[in-house]
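Here is a friendly briefing on side-chain pairings, meant to be read with the sequence and the 3D view open beside you.

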Amino acid sequence: MGIVAGLDSSPDFTRIVVCDADTGAVLRQGYAPHPLDPVEGGGRPSDVDPQAWLLSLGEAAGGGLLEGVQAIGVSAQQNALVPLDAQGNTVRPALVGGDKRAQAAAADLIDRLGSREAWAEAVGCVPQAAQPVAKLRWLARTEPEQAQRVAVLLQAHDWLVWQLLGRPARRTTDRGGASGTGYWSAASGSWRPDLVELALGRQALLPEVLGPGEAAGTTPEGLIISAGTGETMAAAFGLGVRAGDAVVSLGASGSVMAVHHEALADSGGAITSLADATGLHLPVVHTSNAVRALRGTAEMLGLDGGLEELSELAMKSTPGAHGLVLLPYLEGERTPQLPHTAGTLSGLRRESMRPEHLARAAFEGMVCGLADAMDVLRGRGVEIRRVFLLGAAAELHAVQAVAPMLFGAQVVVPQPADYAAIGAARQAAWALSGQLPQWQGAAAQVFEAGEEAPVGQAVRQQYRAVREQIHPGAFS
């Protein structure tokens, strides 16, 4: 029996799990927040010294947590750009998160290559402010002196793996992390150095992209360090998703990600074509609105109990909410692409003007919006038979009631766990044994549409009719 560890360096903390390499059973855990300076007005910083990640890692691994560990996998926040000089030192703090400063740079990149379609064809996605390619363009335009010193480009998990190995001459990444940069093609499996030059104004060294199960190296003490990957890919690996599965993330905004056998180039830019940690692909469709529609409805109804009370209220209504339809485009929308629109409440009649019907319409509107995103993937040949629901809102009774019938698929709500860290540990076990570990999937509740599937189709049709009336041709 071997012992492996997975560490997840998220935007706020490091979490470590130590697992049995054969079964995936979690043996022990560690946690430590990143020592970050507070941001005036709240929120997260856009510039972070990567040393904070190392300090957090060291604290989380304290007390002999890693004793007996034979291999370590690293998961880390995606979209972090770590620019290094020729000596391997950071030329400035890492650029992390959804950096709004890079919005104009992303638009500039689209213009410089010619169109959104050109980007989708080149790398499977259209530049967004969060992506390293847009941050690199921002750096070149805003801090030209620092940009001139850039010799190597890494991401957060690349940098951490490199540090754990003692900063060797060889620098590595994995295809999952590389696919989120905006300068690696998931379709061809290769870097696009011409796009680095387009953004930075000149070339920079890029890490070697390792295959699934490959090790990045071994420490002098004999500890194997696997390739590492981004948080999204690690979480999918930790959940045990496979072909036919989709993962729906319920945050303020939402996303639908599915496992697919090939990269998808979307000329409209709705699909971001990522690679996973196993050799397959993870096409993703984002929505601007998800749980924010529920929170807004709860506030409008004056519910002190928040989302839980809203859920209980919604269950007093019936499917279709007595004809009420909420298009939840409260802050514009990405899918469909309606960036400047507002939400719409349709179907008001005297009998439908009750709090429980508005509550039900909010849940149905949120899930129908995500089902629209899922249909974008299905329309490109992605098979979806099972849907994993992630996020605190997945525990709400109303979500669990409406999701199976509206998604038209089995719905799985995993028990809360550190799935990104577990996925990193599973990757470490792969590097240790040379074989893909067949760990047991996540413990979960399972919900079926059953006899309510036709009802769900009717609710979807009601939603589509209103959407087409208010925003005709939105998906054309």
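**Side-chain pairings at a glance**

Glu331 and Arg292 join through their side chains in a salt bridge, with 3.4 Å from N to O; the term stands for a side-chain nitrogen of Lys or Arg within 4 Å of a carboxyl oxygen of Asp or Glu. Because Glu331 lies in the loop between strand 20 (325-327) and strand 21 (344-346) and Arg292 in helix 10 (residues 291-300), the pair ties together parts that are 39 residues apart in sequence. Please keep in mind that this is a predicted model, in which local features need pLDDT of at least 70 and side-chain atom pairs count only at pLDDT 80 or more, while totals for chains, interfaces and linings use all residues. Residues are numbered from 1 along each chain as its sequence is written, and side-chain values use heavy atoms, leaving out hydrogens and water.

**Salt bridges**

- The structure holds 22 salt bridges.
- Side chains of opposite charge can pair when their charged atoms come close.
- Glu331 counts as exposed because its relative accessibility is 55%, and Arg292 counts as partly exposed at 23%; buried means under 20% relative accessible area, exposed over 50% and partly exposed in between (1.4 Å probe, protein chains only).
- Salt bridges with shared partners join Asp372, Asp375, Arg378, Arg460, Arg467 and Glu468 into one network.
- Arg44 forms a salt bridge with Asp12, and their closest N and O atoms are 2.7 Å apart.
- That pair links distant parts of the chain, 32 residues apart: Arg44 is in the loop between strand 3 (26-33) and strand 4 (47-48), and Asp12 is in the loop between strand 1 (3-9) and strand 2 (13-20). Helices (H or I, at least four residues) and strands (E, at least two) are DSSP runs, numbered from the N terminus.
- Arg44 is exposed, with 53% relative accessibility, whereas Asp12 is partly exposed at 31%.
- Asp276 and Arg175 also meet through their side chains in a salt bridge, at 3.5 Å from N to O.
- Here the partners are 101 residues apart and again link distant parts of the chain, with Asp276 in the loop between strand 18 (271-275) and strand 19 (281-287) and Arg175 in helix 7 (residues 175-178).
- Asp276 is buried, at 7% relative accessibility, and Arg175 is buried with a relative accessible area of 12%.

**Aromatic rings**

- There are four aromatic pairs in the structure. Rings of Phe, Tyr and Trp (its six-membered ring) pair if their centres lie within 6.5 Å; planes under 30 degrees apart count as stacked, over 60 as edge-to-face and the rest as tilted.
- Phe13 and Tyr31 make a tilted pair, 5.3 Å centre to centre with 45 degrees between the planes.
- This pair links strand 2, which holds Phe13, to strand 3, which holds Tyr31, 18 residues apart. Tyr31 is partly exposed, with 43% relative accessibility.
- Trp53 and Trp159 pair edge-to-face, 6.0 Å centre to centre with 80 degrees between the planes.
- These two sit 106 residues apart, Trp53 in helix 1 (residues 51-60) and Trp159 in helix 6 (residues 156-164). Both Trp53 and Trp159 are buried.

**Charges over rings**

- Arg15 lies over the face of Phe13, 4.8 Å from the ring centre. A charge sits over a ring if NZ of Lys or CZ of Arg is within 6 Å of the ring centre and within 35 degrees of the ring normal.
- Arg101 places its charged end over the ring of Trp138, 4.4 Å from the centre.
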